[in-house]
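Thanks for making time this morning.

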Amino acid sequence: MDLGPYVVEGRSPEAAVFPGSVDEVRAVVALAATEGVPIVPWGGGTAASLGTPAARAGLVLGLARMARLLEHEPGDLTATVEAGMPVAALQTALRARGQWLSLDPPDAERATIGGVIAANASGPRRHLYGTPRDLLIGVTVVTGEGALVRGGGKVVKNVAGYDLPKLFVGSFGTLGIIVEVTVKLRPLPDAERLVAVRFDRLKDAGTAVRTVTGSDLIPSALELLDAEAGRSLGSGPGASLVVGFDGLAEQVAWQCDELRRLTAPLGGHGIAPLPDEAWSRLCTAARAAFATPAAVMKLVVLPVTVADVMEQGANAVRQRGLLSAWSAHAGVGVLTAAVFSPGGQADPAAIAAVLEDWRGMAGAGGGYAVLEWAPLTVKALVPVWDAPGAAGRIMQRIKAQLDPLAILNPGRFVAGI
């Protein structure tokens with residue numbers, strides 16, 4: 001078969017297999033463990049470029065054939081689904097019965113539910129509804145020795161004990177291959193609206209973020225975009241504050257009016273609704289601002305510092321003769337920053353210097369940074385992950401328990417896991 005779609009960081013896998021059942025996954029993992037072949041778990045491949053370059057690509061284990069909605073209990077607001085089901089397909093199935101999974105990760109058409117949990121991926125609605133770790137109540141995984149492990153349950157109120165499912169959220173497939181998950185659901189809201197408020201200065205938009213979070217408004221999304229990122233959404237010049245509301249139609253209408261009233265004294269103007277398709281474009285607004293980015297980094301900082309970090313980060317880029325675009329889940333302090341080279345071909349050393357500047361800004365306030373995408377020439381100069389500190393030893397011990405032969409995505413994650 002054509003292995004081209006599964007090439008990561010320039011490394012081609014030796015083979016790709018697509019088991020159709022949990023037992024087949026276990027058999028593949030057991031065989032790979034016996035032969036000492038590393039395994040790359042593969043959902044939709046949307047986060048494949050994130051991580052430290054692997055020493056050996058080994059075997060891709062795709063879950064495309066395990067994509068069924070196994071159980072949907074509308075009365076309990078839960079669903080159990082095979083890990084290879086794309087998020088968009090799951091939402092379509094749930095929507096037919098008036099419910100939804102309150103996650104909106106990037107590339108939902110391709111991103112699988114198992115991959116989203118493994119990468120802890122989320123979107124603008126995380127402001128109100130949280131991330132995968134808030135919605136996962138049960139998980140079934142295959143460990144690096146081919147053993148089957150089940151954690152959690154199929155109801156929202158599980159018995160007390162260790163919350164094993166959360167161990168696998170954001171583990172990037174290094175602790176086990178997620179094969180089934182149970183998630184909690186919500187009823188579909190009667191109405192939903194996404195509106196954008198423009199500001200001449202990013203600083204004023206940052207003030208508006210704090211005003212909204214301190215008000216009676218209950219936004220489902222609170223996104224701050226600089227001029228470059230806003231342009232990719234079709235906004236005019238200046239910064240944009242993009243706010244989502246859902247609920248009863250009257251509630252949504254009142255909140256939109258209140259947003260206008262609160263932001264106008266702060267310099268907000270041009271408030272306008274955005275089309276529904278803008279929801280999915282918010283996640284990629286920064287990296288889509290110009291042509292191909294030279295690197296993309298995620299920074300996590302205190303929410304009150306988001307606008308300041310965006311301005312400082314953009315200044316650091318301009319001083320090096322480069323361009324940048326910034327967007328943020330402003331209410332929770334998660335930023336996406338993309339750096340671009342005006343001439344097209346970027347100097348890896350200059351890009352690396354910018355990324356180190358950004359990492360330093362995040363770390364100075366007690367936050368952290370993750371290099372989400374960069375060419376190998378840049379990754380050779382800048383680590384993907386922050387130094388894990390003492391937590392790294394604990395993580396390595398957990399890895400040794402669940403994957404003692406280190407065959408699951410070896411070397412890709414924090415602390416060389």
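This is a predicted model: local features need pLDDT of at least 70, side-chain atom pairs count only at pLDDT 80 or more; totals for chains, interfaces and linings use all residues.

Let me begin with a question: is Asn-120 buried, partly exposed or exposed? Asn-120 is partly exposed, at 27% relative accessibility, where buried means under 20% relative accessible area, exposed means over 50% and partly exposed lies in between, with a 1.4 Å probe and protein chains only. Residues are numbered from 1 along each chain as its sequence is written, and side-chain values use heavy atoms, with hydrogens and water left out.

Asn-120 sits in the loop between H3 and helix H4 (126–129), and its phi is positive, about 50°, although Asn-120 is not a glycine. Helices here are DSSP runs of H or I with at least four residues, strands are runs of E with at least two, and both are numbered from the N terminus. Asp-107 belongs to the loop between strand E6 (99–100) and helix H3 (113–119), and with a relative accessible area of 41% Asp-107 is partly exposed.

Let me turn to the interior. Phe-245, in strand E13, is buried at 0% relative accessibility. If we leave aside residues up to four places away in sequence, the residues that Phe-245 touches include Ala-191, Arg-193 and Val-195, as well as Ile-218, Pro-219, Val-252 and Leu-259, a contact being heavy atoms within 4.5 Å. Between Phe-245 and Gly-123 there are 15 Å in space, C-alpha to C-alpha, and the two are 122 residues apart in sequence.

Strand E13 (239–247) also comes up when we look at helix H7, whose buried residues pack against it and against strand E11 (191–199), strand E12 (221–225), helix H9 (249–263) and helix H11 (306–318). Those buried residues of H7 are Leu-202, Asp-204, Ala-205, Gly-206, Ala-208, Val-209 and Val-212. In an α-helix there are 3.6 residues a turn, so residues three or four places apart point the same way.

Pro-189, in the loop between strand E10 (186–187) and E11, is partly exposed, with a relative accessible area of 29%. Pro-189 touches Trp-100, Asp-246 and Gly-247, again not counting residues up to four places away in sequence. Pro-189 and Gln-99 are 90 residues apart in sequence, yet 8.7 Å apart in space, C-alpha to C-alpha.

Finally, the chain as a whole. The protein chain has 14 helices and 18 strands. Its radius of gyration is 22 Å, close to the 22 Å that the globule rule gives for 417 residues, so the chain is as compact as a globular protein of that length; the radius is taken over C-alpha atoms, and the rule is 2.2 Å times the number of residues to the power 0.38. Along its principal axes, the C-alpha trace spans about 65 × 55 × 40 Å. Of the 417 residues, 51% count as buried, and among contacts between residues at least 6 apart in sequence, 71% join residues at least 24 apart.
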